[in-house]
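Open your viewer and follow along, one selection at a time. We will begin with the whole chain and then zoom in.

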Amino acid sequence: MEFECPECGSENVEVIKERGREVTLKCLDCGNVWILTLPKLVKIPLIVSKHERSFKVEAELPEDEEIKIGDIVEIENDEVRITGIELEENKRVNKAKVSEVKTLWGESLRYPKVIGVSIYLPKGITQSFKVQVDRNEEFVVGEVLEVGGYTFKVEKIKTERKMLTHGKAKADKIVRLMGHQIRARASRKLKIYRGYESVEG
């Protein structure tokens, strides 16, 4: 847990005493000493999806804080972006107080992103692929890519929120790339997603 000195704003802080949820802290830069009561943590079931596989873990979260869709929760060896919040009686909401939450759903951020690719061929045929990419990789409308032996120009990028016909987006937010097959040299080749097992390997 990161602490910040209320006097000088330094994060060079050490814990000098702990009693239950009460900690005594000292700033190593300005010498300020203060006491902090840590929030009560509650364990909430979290369903983490890694594409077609899901795993149930427990997330420890501060009871009196609010959680909303899109928040990043840290669990052991992973970071998870919250995609669903369920209260009692299977009620789904976009945000809630942690103490009211029954179950959380989320997507692993330590796992490659899988996005769809639609390549438009002559005679109205569409060739579709699923590809796995690094979450931080950027895609730009107009760039030429290759997948499965097909070269195509990206004409549209469908993100979680909108359809882009110009500009760029990070893979983390992309749902699908679309474009027509062309004869040209591709700037990069995309890796076809072969299922959960191949990613783990």
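Predicted model: local features only at pLDDT ≥ 70, side-chain atom pairs only at ≥ 80, totals over all residues.

Residues are numbered from 1 along each chain as its sequence is written, and side-chain values use heavy atoms, with hydrogens and water left out.

Now switch to the C-alpha trace, which spans about 70 × 45 × 35 Å along its principal axes. Next, color by domain: domain 1 is 1-38, domain 2 is 41-108 and domain 3 is 113-193 (bounds from an automatic or database domain assignment). The C-alpha centres of domain 1 and domain 2 lie 29 Å apart.

In cartoon view, look for 1 helix and 22 strands (DSSP runs, numbered from the N terminus; helices are H or I with at least four residues, strands E with at least two). Select E16, E15 and E21, which form an open, mixed sheet in that order (strands pair if DSSP finds at least two bridges between them). Strands E16 (150-153) and E21 (188-189) each have a single partner, so one side of each is left without a neighbour in the sheet. Strand E15 (residues 144-147) runs parallel to E21, joined by 2 bridges; show Leu 145 to find it opposite Arg 188.

Finally, pick Thr 159 in strand E17 (residues 156-159). Is Thr 159 buried or exposed? Thr 159 is buried, because its relative accessible area is 9% (buried means under 20%, exposed over 50%, partly exposed in between; 1.4 Å probe, protein chains only). Beyond its neighbours within four places in sequence, Thr 159 contacts Leu 164, Ala 169, Lys 173, Ile 174 and Val 175 (heavy atoms within 4.5 Å).
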